[in-house]
Amino acid sequence: MAGNRDERREPVPEEAPGAATGAVPGAGADEGRWEELVPGVVRRRLPGWDATVGAVRGTAGLLVVDTGSGAAEGAGIRDGLRELFGLPVTHAVLTHSHFDHVFGTAAFEGAHVYGAQGLGDHLVGAREELRQDAVRHGMAREAAADSASRLVPPLHGVSEQITLTLGERSVRLVNMGAAHSGFDLAVLVSGGPGHAGRGVVFCGDLVEESGEPQAGPDASPSRWPRALDRLLVLGGEDALYVPGHGAVVGADFVRAQRDVLARRFAQS
């Protein structure tokens, strides 16, 4: 979701279309379902703005990808993952700067929070802008004000890429530069022990499935198609690509969306 846009998403279906594998019940305050993409890697479509959160199981803790649209929603994600895996969240990764992906970070107290280089400073100065954007998109004023005041910026900035080791599984964080937002970050999850099996790519809003990609005032449209070209190189043809909004897709969908964006913004 981008700032200053009027589009409203349709309510999330009870079972997301195009899910990669079977789903497991959510827990705690979560009302939806967690989909297991590959063993130890799950994701969930949140109500409201249909933003996606993901999680990767490590040996001693979990890595969560994006944190929801508010403090209460973040707490529900945290509690649901604790019930599902029996482990705390030790790492949180923010794919970009928009409120529906970052406002829940305060719920993950003690976690190491990562984002693209510069995102932390940006969020510190953007609390009021994000609060207004949340209200503009339908969030209650008190909830938006509370979430903005409790916003936790990432302390770990990714300038190019880093690899986090979570026991037998590695997770690569790649700074994609400015495209959908000014601070896009992709999360690439290895297939499992020994890097075998199918990989998973959490795309943030670089890819959207449940609606057309949104280019708000902080987007860099001329760079977006090239970012998707790079995403495809990083993930490969067999990976599962997890959009910031919508059902899990394959490389062909990402490639087609890249072409749509290139035509829309007159890029080759």
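The crossing of helices H4 and H5 is right-handed in this predicted model (right-handed means that the near helix is turned clockwise from the far one by less than a right angle). H4 covers residues 127–136 and H5 residues 141–149. The two pack at an angle of about 150°, with their axes 9 Å apart. Axes are lines fitted to C-alpha atoms over the stretch in contact, and angles run from 0 to 180 degrees between N-to-C directions. H4 and H5 are therefore roughly antiparallel to each other (an angle over 145 degrees). From H4, Arg-127, Arg-131, Ala-134 and Val-135 meet Arg-141, Ala-144, Ala-145, Ala-148 and Ser-149 of H5; contact means heavy atoms within 4.5 Å. By class, this contact has five nonpolar, one polar and three charged residues.

Helices (H or I, at least four residues) and strands (E, at least two) are DSSP runs, numbered from the N terminus. Residues are numbered from 1 along each chain as its sequence is written. Local features need pLDDT of at least 70, side-chain atom pairs count only at pLDDT 80 or more, and totals for chains, interfaces and linings use all residues, while side-chain values use heavy atoms, with hydrogens and water left out.

Helix H6 spans residues 224–235. Trp-224, Pro-225, Ala-227, Leu-228, Leu-231, Leu-232 and Leu-234 of H6 are buried (under 20% relative accessible area, 1.4 Å probe, protein chains only). Their cover includes strands S10 (169–177), S11 (184–189), S12 (200–208) and S13 (240–245), and helix H7 (251–264). Gly-236 follows H6 and has a positive phi, near 85°.

Two aspartates also have positive phi. For Asp-50 the value is about 60°; for Asp-66 it is about 65°. Asp-50 lies in the loop between strands S3 (41–45) and S4 (52–57). Asp-66 lies in the loop between strand S5 (62–65) and helix H1 (71–85). Asp-50 counts as buried, at 2% relative accessibility. Asp-66 is likewise buried, at 2%.

Val-53 belongs to strand S4. At 1% relative accessibility, Val-53 counts as buried. Beyond its neighbours within four places in sequence, its contacts include Trp-34, Val-42, Val-65, Asp-66 and Ile-77. Val-53 and Gly-204 are 151 residues apart in sequence, yet 9.1 Å apart in space, C-alpha to C-alpha.

Technical notes: Angles under 35 degrees count as roughly parallel, over 145 as roughly antiparallel, 65 to 115 as roughly perpendicular and the rest as oblique. Ala, Val, Leu, Ile, Met, Phe, Trp, Tyr, Cys and Pro count as nonpolar, Asp, Glu, Lys and Arg as charged, and the others, Gly among them, as polar. The expected span of a helix is 1.5 Å times one less than its number of residues. Buried means under 20% relative accessible area, exposed over 50%, partly exposed in between (1.4 Å probe, protein chains only).
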